[in-house]
Amino acid sequence: MSALLEVEDLRVTFQTPTGPFRAVRGVSFALGRERLGIVGESGSGKSLTGRAIMRLLPANARLEAKRLAFDGVDLLTASSRTLRGIRGARISLVLQDPKYSLNPVMTVGEQIAEAARIHGGIGAAAARRKALEMIAAVRIRDPERVYRLYPHEVSGGMGQRIMIAMMLVPEPDLLIADEPTSALDVTVQMQVLAILDDLVRERGMGLIFISHDLDLVASFCDRVLVMYAGRVVEQVAARDLASATHPYTQGLLKSLPRIGDDRAELPTLSRDPAWLEG
Amino acid sequence: MGGPAISVRDLFVTFGKGADAVRAVRGVSFDVAEGESFGLVGESGSGKSTVLRALAGLNRDWTGAASIAGLDVATRDARLPRIAQMVFQDPYASLHPRHTVDRVLSEPLEIHGIAEVDRRVTQALEDVGLGPAFRFRYPNQLSGGQRQRVAIARALMLQPRVLLLDEPTSALDVSVQAEILNLLKRLRATQRLTMILVSHNLAVVAHMCDRLAVMSRGIVVEEMDVATLRREEPKVPYTRQLLLASKGYDRAVAARMTNED
Ligand SMILES: Nc1ncnc2c1ncn2[C@@H]1O[C@H](COP(=O)(O)OP(=O)(O)OP(=O)(O)O)[C@@H](O)[C@H]1O
Ligand SMILES: Nc1ncnc2c1ncn2[C@@H]1O[C@H](COP(=O)(O)OP(=O)(O)OP(=O)(O)O)[C@@H](O)[C@H]1O
Ligand SMILES: [Mg+2]
Ligand SMILES: [Mg+2]
């Protein structure tokens with residue numbers, strides 16, 4: 001498996017009034033044309049890892065890595081022009097906060113059409129058709145109507161699917177999807193995942209799927225990285241996630257409610273200081 | 001007080017006009033008893049948030065009847081905000097970007113002239129599992145989960161009787177979700193809190209609720225108690241499909257859903 005993405009010893013540090021805060025502390029992995037899940041608790045550094053790959057970090061963040069390469073291109077030394085060419089065209093990022101990243105004064109359809117025009121070099125009419133096609137592909141009913149809605153007029157789940165539609169327009173080689181389906185009901189989620197699944201299988205797209213839904217990641221991904229406090233504490237084949245050995249991973253699994261279980265209280269994590277380094 | 005804590009009758013909500021009109025809610029009725037926890041599940045765009053927003057007084061443009069603790073929601077009774085509070089689906093949009101956590105949490109107290117601001121803010125942060133270090137941060141210095149915890153803390157500041165929760169844990173990791181669900185259960189027991197919980201996660205609803213309604217395209221297609229859900233015996237095909245999809249990703253199942261749509 002040729003590595004589409006190589007990440008070695010990735011670090012993201014923030015300067016804060018109380019000293020440096022190391023949000024990502026030495027993450028390493030390689031990604032092929034596969035579905036890689038990243039799970040872990042809130043604040044463990046999943047989103048920052050995804051954004052670091054795109055070189056899209058907050059201004060007060062410092063990025064360091066031994067290696068950060070996409071399809072052989074060193075992202076650490078690449079010019080901003082090269083980065084712009086890669087971003088959006090070859091690597092797409094579906095952000096955790098869909099409404100935040102959509103333009104509030106433009107209809108969602110126009111935004112997708114604009115993406116299609118820029119990336120496809122096509123005319124306005126063709127771009128509109130492409131946008132409607134993408135809206136339908138993410139299982140939104142009545143694409144013509146939704147095309148004309150502004151971001152504040154769409155439901156949470158629609159906003160997420162619109163973001164996915166927009167990010168898939170350029171047919172990226174790598175899609176980084178940060179909680180892309182957390183606002184979707186499970187049936188639509190399954191249909192959206194099937195679209196991503198087919199892109200990985202048929203087009204050889206690489207997918208980084210960031211989620212805290214461990215059961216979903218176990219059933220959908222090929223491989224899973226488990227993050228804690230900025231580090232990868234465990235890496236397992238997705239189908240073996242349930243039998244993962246790290247007590248943190250086990251703790252996360254136990255804290256999930258499940259249909260049919262009648263525990264009054266859900267166990268929460270008691271964090272062991274040893275996890276920080278072990 | 002007597003009667004149900006929340007009553008909704010023949011609720012209709014339409015957005016827009018003419019060709020673009022969307023009948024988002026088309027005749028929804030349900031009751032929630034005092035101290036009860038009621039789940040609202042269903043497909044994306046089926047009108048769940050719209051029902052909650054009407055109950056929270058955030059949308060005035062509806063027909064039908066709705067009351068909370070005996071107060072008619074349509075009258076904009078000044079007591080309603082202290083009785084019912086809503087937690088939103090999207091923790092990014094619901095927090096003011098230039099307000100610190102401290103300001104977000106103290107504001108409702110100051111508006112309602114409630115004393116002991118300092119103690120209450122500290123307590124609320126602790127209740128939702130955030131340390132005092134978070135008190136003077138801005139939303140952009142918080143992760144998604146940390147923001148939603150702040151939003152939940154804000155809703156609890158006025159010690160409401162009714163919580164309207166719109167996907168309160170869908171942006172949280174599973175351990176924090178467990179903490180929040182435990183917290184909500186505890187609050188419900190100790191303060192006889194009445195809740196409506198919108199969630200697409202059937203397991204969360206099974207864990208938290210006594211009864212639930214399943215919505216599709218603006219109507220309630222099925223109402224059941226949680227035991228029926230646990231036994232996996234819903235009657236309506238749409239609910240059965242939800243249950244199947246809850247079992248995790250399966251390409252073959254996804255293909256069947258695609259065909260049915
Ligand atoms: N601009 C910033 N300044 C300071 N700290 C930050 C900033 N952005 C993020 N952080 C911190 O970095 C850590 C990692 O954040 P990140 O957004 O990657 O978490 P996450 O794993 O995606 O969590 P979630 O599941 O809640 O989305 C968090 O503790 C967060 O508070
Ligand atoms: N302000 C608005 N203007 C126009 N249409 C709207 C507006 N708010 C909601 N809608 C439409 O009403 C319908 C119901 O939306 P609602 O947000 O209630 O769905 P939901 O069941 O909460 O979905 P989700 O699970 O995706 O959050 C959708 O078709 C949506 O596009
Ligand atoms: Mg995140
Ligand atoms: Mg909603």
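**Figure 1. Asp118(B) and its salt bridge with Arg135(B).** In this predicted model, Asp118(B) is partly exposed, with a relative accessible area of 48%. The closest N and O atoms of the pair lie 2.9 Å apart. The bridge links distant parts of the chain, 17 residues apart. Asp118(B) sits in helix 4 (residues 117-127) of chain B, and Arg135(B) in the loop between helix 4 and helix 5.

**Figure 2. Lys247(B) meets Glu232(B) in a salt bridge.** The N to O distance is 3.1 Å. Here two loops are joined: Lys247(B) belongs to the loop between helix 9 and helix 10 of chain B, Glu232(B) to the loop between helix 8 and helix 9. The two residues are 15 apart in the chain. Lys247(B) counts as exposed, at 54% relative accessibility. Glu232(B) is partly exposed, at 35%.

**Figure 3. Arg62(A) pairs with Glu64(A).** The closest N and O atoms of this salt bridge are 3.6 Å apart. Arg62(A) is partly exposed, with a relative accessible area of 41%. Glu64(A) is also partly exposed, at 33%. Over all chains, the whole structure holds 30 salt bridges.

**Figure 4. Glu234(A), a buried residue with no salt bridge.** Glu234(A) lies in strand 11 (residues 231-237) of chain A. The nearest side chain of opposite charge, Lys254(A), is 12 Å away. That distance rules out a salt bridge, because one requires the nitrogen and oxygen to be within 4 Å. Which polar partners does the side chain of Glu234(A) reach? One is the backbone nitrogen of His246(A), at 3.2 Å. Another is the side chain of Thr249(A), in a polar contact of 2.7 Å. Residues touching Glu234(A) also include Val224(A), Leu225(A), Val226(A) and Ala244(A).

**Figure 5. The interface of chain B and chain A.** In this view, 52 residues of chain B contact 51 residues of chain A. The buried area is about 4400 Å², with 56% from carbon and sulfur atoms. Two salt bridges cross the interface. Arg251(B) forms a salt bridge with Asp198(A), with the closest N and O atoms 2.7 Å apart. Eleven residue pairs are in polar contact across the interface. Several helices of chain B give two or more residues to the side that touches chain A, among them helix 5 (144-156) and helix 10 (251-260). Helix 6 gives the most, with nine residues. By class, this side of chain B has 21 nonpolar, 18 polar and 13 charged residues.

Definitions and conventions:
Residues numbered from 1 in each chain as written. Chains lettered and ligands numbered in written order. Predicted model: local features only at pLDDT ≥ 70, side-chain atom pairs only at ≥ 80, totals over all residues. Heavy atoms only, no water. Helix = DSSP H or I, 4+ residues; strand = E, 2+ residues; numbered from the N terminus. Buried < 20%, exposed > 50% of the residue type's maximum accessible area, 1.4 Å probe, protein only. Lys, Arg positive; Asp, Glu negative; His and termini not counted. Polar contact = N/O pair within 3.5 Å; in protein donor to acceptor, adjacent residues only side chain to side chain. Contact = heavy atoms within 4.5 Å. Buried area = accessible area lost by both parts, 1.4 Å probe. Nonpolar A, V, L, I, M, F, W, Y, C, P; charged D, E, K, R; others polar. Lists of a residue's contacts leave out its neighbours within four places in sequence.
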